Amino acid sequence: MRRHATLLLTALLASLAPRLRAQATGMPSFNAPYRAFQRSEFGVVISFPNGNGAAFEGVYRYASSRFDIGFRGGMYDAGACCKTELLVGAEARERVITHTVDFPLDGALVFGAGGALVSGGSVVFIPVGISLGRRIDPQGSTVSIVPYVQPTATLVAGNGTSNLDFTLGLGADFRFGHTFDARLSAGLGDLDGVSLAAVWVH
């Protein structure tokens with residue numbers, strides 16, 4: 001029953017993907033279906049949403065049983081047109097699908113809450129999505145790759161209004177050795193943009 005519900009949610013989110021938004025801090029930064037660390041990880045993320053300015057965030061995640069929980073914070077400078085925003089957010093991930101002969105992908109539920117805070121125009125984001133992908137280990141290489149997709153529904157609220165947006169995140173995590181990940185993700189549609197991350201895992 002749980003697996004059928006997860007597959008139904010996946011199909012629903014994928015069908016709604018043409019209308020797009022983003023993650024806990026409103027940036028096009030997404031999550032692979034499973035964690036790369038045993039205990040914790042920390043790193044930096046640079047995002048370029050809609051080609052307008054850049055965001056710089058620090059991230060920290062730690063393992064808690066089947067979950068991992070993460071925190072992120074930083075600044076978004078959209079350029080001369082707008083005030084700089086303070087970004088804060090928290091995310092959690094739980095593995096819910098393990099690949100089989102019939103379904104070749106691993107999957108995790110990803111959810112969180114956060115905001116872009118600025119005088120007179122703060123926005124709150126509450127994303128819920130599912131990440132689907134599979135680790136690839138090329139023979140003879142110390143590099144492994146996790147390509148994934150993450151359809152996500154996000155409640156966006158601010159300035160007395162709220163709406164439900166939908167995002168299709170695309171990404172790939174590159175593992176170099178045992179302690180370092182390089183990560184690339186992108187949003188398509190209403191939130192065109194890319195994020196690049198450098199993460200140290202423990």
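Residues are numbered from 1 along each chain as its sequence is written, and side-chain values use heavy atoms, without hydrogens and water. Because the model is predicted, local features need pLDDT of at least 70 and side-chain atom pairs count only at pLDDT 80 or more, while totals for chains, interfaces and linings use all residues.

Five aromatic pairs were found in a search of the whole structure (rings of Phe, Tyr and Trp, the last by its six-membered ring, with centres within 6.5 Å; planes under 30 degrees apart are stacked, over 60 edge-to-face, the rest tilted). The ring centres of Y62 and F71 lie 6.5 Å apart with planes at 20°, so this pair is stacked. Y62 is partly exposed, at 30% relative accessible area, and F71 is partly exposed at 42% (buried is under 20%, exposed over 50%, partly exposed in between, with a 1.4 Å probe and protein chains only). One aromatic cluster is formed by F42, F176, F180 and W200.

Beyond its neighbours within four places in sequence, A78 is in contact with N52 and G53 (contact means heavy atoms within 4.5 Å).

F56 lies in strand 2, residues 54-64 (strands are DSSP runs of E, at least two residues, numbered from the N terminus).

Note on methods. Helices (H or I, at least four residues) and strands (E, at least two) are DSSP runs, numbered from the N terminus.
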